[in-house]
Amino acid sequence: MEKYKLLINGQWLEPQSGEWFETENPFTGQPWAMIPRCGKAEVDAAVAAAKAAFHQKSPWRTMTASARGAIVRKLGDLIAANADHLASIETRDNGKLYAEMRGQLGYIPQWYYYFGGLADKIEGRVIPIDKPGIFNYTREEPLGVIAAITPWNSPLMLATWKLAPALAAGNTIVWKPSEFSSASALEMGRLFEEAGFPPGVVNIVTGFGSDIGEPLVTHPDVAKVAFTGGDKTGEAVYGMAARGIKKVTLELGGKSANIVFDDASMDDAVKGVISGIFAATGQTCIAGSRALIHKSIHDKFVEKLLAMASQARMGDPSQMTTQVGPITTRPQYRKVLEYIEIAKQEGAVCRLGGTPAARPECGTGWFVEPTIFTGVKPTMRIANEEVFGPVLSIIPFEDEDEAVEIANNTIYGLAAGVWTQSIQRALSMPARLEAGTVWVNTYRAVSYMSPFGGFKRSGIGRESGLHAINEYLQTKSVWIDIVGNAPNPFVMR
Ligand code: NAD
């Protein structure tokens, strides 16, 4: 079995405890690699390395912004060159479809190109200050050591959303990937030196949140925590970060509504609802896990949806023809099946799936049949809690106001979809929905150029787009007396 090492200060190290843990292939349920189980000692060493690399006289800080940007862009080139390898590792470790990973890894470099290009466009301003004899300007400066904590779904893309802007802005990183998807992070770690990052600029510590989450988040030399994960973990991270008055970005869960009006193109909307919940086996923060369907088209829509969803090809995620892969982790597999039982007990009507997949092509993997419930009431747990699996709740609505009311009546606010041919609705609905992203007549589109993040309990801050660079900068105001007349020292100038 492959036995990985961790990355601190450009060195590949064994964990001081001498402990590794197994990582499993969700398609076979079998372990395939050993991941270092880090503890506080590795966190301290990684933060110290990142702090030294951030120091005023380090090569990272003394480099020009253009040179820094070129290194960030080079990382993009190297990821592109290693896309096949990284995609296969992720498919084996995480069960994500190879087809999806190949697509993501073809696109991930764009974040490094975009933010690498932005590195030397970070500019301060000269303020036309109202005080005579003063020259006042601002500097945009990096924060310092960033703790990047990432989840197991789309591990490299979600890490990239943090690493690309943070590094372009001149920060240094301690990256803690999920214990369920560390292999791809460590494989990507091999590219940092080749790209030209000085040692210590990016460090990777692996292990369990319960072992190293707190020492990392509360470390006094960590300036900011950039976290993606569940809202309960996010709440704990936010609380710990608050003790050190640290900056945070939180990208958390969702219970997004995909709303289909009676004037929608029904075939497109069916595809949109399918892509919202069954792509990535429903294991996406933006899953459109609530389909709100106008009453007048409900039955016909459900019929078409069932016909298409029942044709989804499940099986080996490494095959390009597979459409629905396994659930990534054993605990998540159990959680999805538990939610299906809860929905049945609550009185929702299971119209498709609702069981583990017993298809021969699913082998011994952790597969759950694509599942569709109708008769879901907005008050049911299945309509309110994030399942993070291929389970769709269908809720009928009467009119636009009711659709908005149901869509917004959740603690989350990550994304929403609207399906309509009406220009008026296409414009008015996005303004009424409480969500960080609204898609109209499309779903699950993201770009390095467009800000992404949550309203309400779905998060704080934005990733991607011009907004994201500001999440990793702080503004300094500089005052210079240019006349030399020291004024009365006892009054404010
Ligand atoms: P999780 O919250 O269980 O874990 C996320 C990360 O936090 C992991 O690296 C984990 O080891 C670490 N962690 C756990 N306990 C910690 C602690 N006490 N202190 C610090 N770190 C700790 O989430 P997950 O199951 O890996 O991912 C799925 C969740 O992520 C879903 O809720 C999903 O909606 C959310 N998510 C959000 C986005 C977004 O951009 N909004 C994107 C993807 C996933």
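In the second largest pocket, β7 supplies the largest share of the lining, 5 residues. This is a predicted model: local features need pLDDT of at least 70 and side-chain atom pairs count only at pLDDT 80 or more, while totals for chains, interfaces and linings use all residues. Residues are numbered from 1 along each chain as its sequence is written, and side-chain values use heavy atoms, with hydrogens and water left out.

A pocket here is an open set of points on a 1 Å grid over the protein atoms alone, where a 1.4 Å probe fits, with protein on both sides within 12 Å along at least five of seven lines; a lining residue has an atom within 4 Å of a point. Strands are DSSP runs of E, at least two residues, and helices are runs of H or I, at least four.

The second largest pocket has 17 lining residues, and R68, R139, E140, E141 and P142 lie nearest its centre. Two elements give two or more residues to this lining: α3 (65-81) and β7 (134-142).

Now the largest pocket. Its space is about 990 Å³, a volume being the space filled by probe spheres set on the points, which are joined across faces, edges and corners. It is lined by 43 residues, with F227, G229, G230, D231 and T233 closest to the centre. Which element gives the most to this lining? That is α10, with 6 residues.

Where does the largest pocket lie? Domain 1 (2-252 + 458-477) and domain 2 (257-440) both contribute lining residues, so the pocket lies between them. The domain bounds come from an automatic or database domain assignment.
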